[in-house]
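Please examine the fold presented here from its overall plan down to single residues. The paragraphs that follow take the parts in turn.

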Amino acid sequence: MSVVKINVLTVPAEQREVLEKRFASRAHAVEGSDGFEWFELLRPVEGTDQYLVYTRWRDEAAFQAWMEGPMKSAHQGGSAPQGGEGGGERPKPAASGSTLWSFEVVQQASPK
């Protein structure tokens, strides 16, 4: 079954808009990756300053291929959500911390 990767980003209140704009500017950047199944950026509502970046992949190999290919080159090129808006010095990251959670999907359901 699929694997889920959740990147937990600690984002200070004053950086929320910056983070969301950076993700919006890269909308659809991951959808063409082999094995990609789903993406969601989850904004905290109350009680935390942590955003969740939810991605779902066909398998671990597909996720690793994306990490070593498109994601790595995007971050090195300064066009990643925490990277730059292009050219010159890279802006400060919007997130002050990041943790990656990994899960295997063992059950799932969809609307009937």
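Against which strands do the buried residues of α1 pack? They pack against β1 (3-10), β2 (36-42) and β3 (50-57), where contact means heavy atoms within 4.5 Å. Buried denotes a relative accessible area under 20%, exposed one over 50%, and partly exposed the range in between, with a 1.4 Å probe and protein chains only. The model is a predicted one, in which local features need pLDDT of at least 70 and side-chain atom pairs count only at pLDDT 80 or more, while totals for chains, interfaces and linings use all residues. Residues are numbered from 1 along each chain as its sequence is written, and side-chain values use heavy atoms, with hydrogens and water left out.

The chain contains two helices and four strands, arranged along the sequence in the pattern β-α-β-β-α-β. These elements are DSSP runs numbered from the N terminus, helices being H or I of at least four residues and strands E of at least two.

The four strands form an open sheet in the order β2-β3-β1-β4, with antiparallel pairing; two strands pair if DSSP finds at least two bridges between them. Because β2 and β4 stand at the edges with a single partner strand each, one side of each has no neighbour in the sheet. From one strand to the next the twist averages 15 degrees. Between the antiparallel strands β2 and β3 there are six bridges, and Leu41 stands opposite Val53 in β3.

Helix α1 (residues 16-25) lies across β1, β2 and β3 and runs at about 20 degrees to β3. Such angles run from 0 to 180 degrees between N-to-C directions, the axes being lines fitted to C-alpha atoms, for helices over the stretch in contact. Within α1, Leu19, Arg22 and Phe23 are buried. They lie on the same side of α1 because they cover an arc of only 95 degrees around the axis, taken from the directions from the helix axis to the C-beta atoms. An α-helix has 3.6 residues a turn, so residues three or four places apart point the same way. On the face of α1 turned away from its buried side are the exposed residues Glu17, Lys21, Ala24 and Ser25.

Ala95 belongs to the loop between α2 (60-77) and β4 (97-104). Ala95 is buried, its relative accessible area being 12%. Its C-alpha atom is separated by 8.5 Å from that of Arg16, 79 residues apart along the chain.

Across the chain, buried residues make up 33% of the 112 residues.
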